[in-house]
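Colleague: Please walk me through this model, one question at a time. I would like the cut-offs as we go.

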Amino acid sequence: MKRVLYPGSFDPITKGHMNIIDQASKMFDEIIIAVMKNVNKKEYFFDYEERVNIIKELYKDNPNIKVMTATGATVDIALENNCCGIIRGLRSLTDYNYEVEMQQFNKEISDNKVNTVCFFADKEYQFISSSLVKEVFYLNKDISKYVDNLVINKMNEKR
């Protein structure tokens with residue numbers, strides 16, 4: 001079984017994230033979505049449990065997608081869960097440069113057991129980020145192009 005890890009803060013999960021998950025699910029047997037705590041981020045819109053529950057609800061009918069919370073080094077989480085790779089989504093050159101550095105580090109410290117596989121979001125999702133979604137949401141603008149209706153409902157409840 002080819003299992004991969006998709007780490008991120010997913011605050012909130014966007015249609016861009018979902019597009020990457022959809023692409024990866026066609027190539028791998030199982031995807032573990034790891035809701036991570038970003039140490040550089042002081043405040044989240046949704047807490048851990050809320051983010052996990054939203055993602056579980058979105059993928060409740062897909063038994064090949066698992067959701068977990070995680071802290072620590074992504075490569076260690078991948079190894080602990082018998083993942084052959086880490087999947088990442090790319091939107092820009094900035095994303096690419098960061099991911100090249102991380103994949104080299106991850107491959108080295110995993111003794112070449114974990115590779116990074118990058119996916120490009122489809123063109124309608126390439127500019128979407130969770131931060132921009134929150135910013136547009138706070139401005140009381142329509143975010144339905146960027147997130148699933150479930151996410152919109154949860155964000156409105158939280159408002």
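Modeller: Helices (H or I, at least four residues) and strands (E, at least two) are DSSP runs, numbered from the N terminus. This is a predicted model, so local features need pLDDT of at least 70 and side-chain atom pairs count only at pLDDT 80 or more, while totals for chains, interfaces and linings use all residues. Residues are numbered from 1 along each chain as its sequence is written, and side-chain values use heavy atoms, with hydrogens and water left out.

Colleague: Thanks! In which loop does aspartate 111 lie?

Modeller: Aspartate 111 has a positive phi of about 55° although it is not a glycine. In general, most residues other than glycine have a negative phi. As for its place, aspartate 111 sits in the loop between α4 (93–109) and β5 (115–120).

Colleague: Is aspartate 111 buried or exposed?

Modeller: Buried means under 20% relative accessible area, exposed over 50%, and partly exposed in between (1.4 Å probe, protein chains only). Aspartate 111 has a relative accessible area of 59%, so it counts as exposed.

Colleague: And what is the phi of asparagine 82?

Modeller: Asparagine 82 is found in the loop between α3 (74–80) and β4 (85–90). At 60% relative accessibility, asparagine 82 is exposed. Although asparagine 82 is not a glycine, its phi is positive, at about 55°.

Colleague: What kind of peptide bond joins aspartate 11 and proline 12?

Modeller: Proline 12 belongs to the loop between β1 (3–8) and α1 (15–25). Most peptide bonds are trans. Between aspartate 11 and proline 12, however, omega is about 0° and the bond is cis.

Colleague: How many disulfides does the count come to?

Modeller: A disulfide is a pair of cysteine sulfur atoms within 2.5 Å. For the sulfur of cysteine 118, the closest cysteine sulfur is in cysteine 84, 14 Å away and so too far for a bond. By the 2.5 Å rule, the count comes to 0.

Colleague: Which cysteine has the sulfur nearest to that of cysteine 84?

Modeller: Cysteine 84 is partly exposed, with 30% relative accessibility. Cysteine 84 is in no disulfide, and at 7.3 Å the nearest cysteine sulfur is that of cysteine 83.

Colleague: Now glutamate 99: which residues is it in contact with, leaving aside neighbours within four places in sequence?

Modeller: Glutamate 99 is in helix α4 and is buried, at 7% relative accessibility. Contact means heavy atoms within 4.5 Å. Leaving aside the neighbours within four places, glutamate 99 is in contact with Arg88, Leu90 and Cys118.

Colleague: What is the relative accessible area of glutamate 30?

Modeller: Glutamate 30 lies in strand β2 (residues 30–36). Not counting residues up to four places away in sequence, it touches Met1, Lys2, Arg3, Val4, Asn64 and Lys66. Glutamate 30 counts as buried because its relative accessible area is 10%.

Colleague: How far apart are the C-alpha atoms of alanine 70 and proline 7?

Modeller: Alanine 70 is part of strand β3 (residues 65–70) and is buried, at 8% relative accessibility. Its contacts beyond four places in sequence include Tyr48 and Ile77. Alanine 70 and proline 7 are 63 residues apart along the chain, yet their C-alpha atoms are separated by 8.5 Å.

Colleague: What covers the buried residues of α6?

Modeller: In helix α6 (residues 149–158), Leu150, Val151, Ile152 and Met155 are buried. What covers them includes α2 (48–58) and α5 (130–138).

Colleague: Which element supplies the largest share of the lining of the largest pocket?

Modeller: A pocket is found on a 1 Å grid over the protein atoms alone, as an open set of points where a 1.4 Å probe fits, with protein on both sides within 12 Å along at least five of seven lines; lining residues have an atom within 4 Å of a point. Here 39 residues line the largest pocket, with Pro7, Gly8, Ser9, Arg88 and Tyr98 nearest its centre. β1, α1, α3, β4, α4 and α5 each supply at least two lining residues. The largest share, 8 residues, comes from α4.

Colleague: And what volume does the largest pocket have?

Modeller: Grid points are joined across faces, edges and corners, and a volume is the space filled by probe spheres set on the points. For the largest pocket, the volume is about 1,200 Å³.
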